[in-house]
Amino acid sequence: MKSLFEELGGTYTLGADGMYYPNLSLPEEEPHYGKYGRMCLHYPKENRKVLYNTLVLEGKLVAHLNEIDDTAHRRMERQMQERQGINEELKARDQMAWVGAMNNIRNAAEEIALSELIYC
């Protein structure tokens, strides 16, 4: 009679002590997260330990970090595109004003992404 583990496709390895040990591995996505994924990694690790441990034990941590990073980048791009009056004409006319405006927009968009995705 096969065990449930074997019925689901699991295999065992005979150990040196004569006991059979299951061959276990966690399926994990390839990490491609960047700044926001790393920020999301550190925040729950320090402040929301139950969530962090659950993601690690279920093998969903990398997928979660990839998703957070991708979403944060999409929101940043959308926020920057929605701002009006910052165009190539301003860049040609007054570069310092353009740089200041772009930095201001980027910082505001980053703050929104952080508050909605990472620190919630």
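A residue counts as buried under 20% relative accessible area, as exposed over 50%, and as partly exposed in between. At 44% relative accessibility, asparagine 107 is therefore partly exposed. This is a predicted model, and asparagine 107 lies in its helix H6.

**Helix H6**
- Helix H6 comprises residues 95-118.
- Its 24 residues should span 34 Å at 1.5 Å a residue, and the C-alpha atoms at the ends of H6 are 33 Å apart, in agreement with that expectation.
- The buried residues of H6 are Ala101, Ile105, Ala109, Glu110, Ala113, Leu114, Leu117 and Ile118.
- Helices H2 and H4 are included in what covers these buried residues of H6.

**Packing of H2 with H6**
- The axes of helix H2 (residues 35-47) and helix H6 come within 11 Å and cross at roughly 40 degrees.
- An angle under 35 degrees would count as roughly parallel, and one of 65 to 115 as roughly perpendicular; H2 and H6 are therefore oblique to each other.
- The crossing of H2 with H6 is right-handed.
- On the H2 side, the contact is made by Lys35, Tyr36, Met39, Cys40 and Tyr43, and on the H6 side by Glu110, Leu114 and Ile118.
- Six of the residues in the contact of H2 with H6 are nonpolar and two are charged, with no polar residue present.

**Packing of H4 with H6**
- Helix H4 (residues 61-82) and H6 have axes that come within 9 Å and cross at roughly 140 degrees.
- H4 also passes H6 in a right-handed crossing.
- H4 contributes Ile68, Thr71, Ala72, Arg75, Met76, Gln79 and Met80 to the contact, while H6 contributes Met102, Ile105, Arg106, Ala109, Glu110, Ile112, Ala113, Glu116, Leu117 and Ile118.
- The residues of the contact of H4 with H6 comprise eleven nonpolar, two polar and four charged.

**Helix H4**
- Helix H4 has 22 residues and extends 32 Å from its first C-alpha to its last, close to the 32 Å expected at 1.5 Å a residue.
- Its buried residues are Leu61, Val62, Leu65, Asn66, Ile68, Asp69, Thr71, Ala72, Met76 and Gln79.
- These buried residues of H4 pack against H2, helix H3 (49-58) and H6.

Key
Residues numbered from 1 in each chain as written. Predicted model: local features only at pLDDT ≥ 70, side-chain atom pairs only at ≥ 80, totals over all residues. Heavy atoms only, no water. Axes fitted to C-alpha atoms, helices over the stretch in contact; angles between N-to-C directions. Helix = DSSP H or I, 4+ residues; strand = E, 2+ residues; numbered from the N terminus. Parallel < 35°, antiparallel > 145°, perpendicular 65-115°, else oblique. Left-handed = near helix turned anticlockwise from the far one by under 90°. Contact = heavy atoms within 4.5 Å. Nonpolar A, V, L, I, M, F, W, Y, C, P; charged D, E, K, R; others polar. Expected span 1.5 Å × (residues − 1). Buried < 20%, exposed > 50% of the residue type's maximum accessible area, 1.4 Å probe, protein only.
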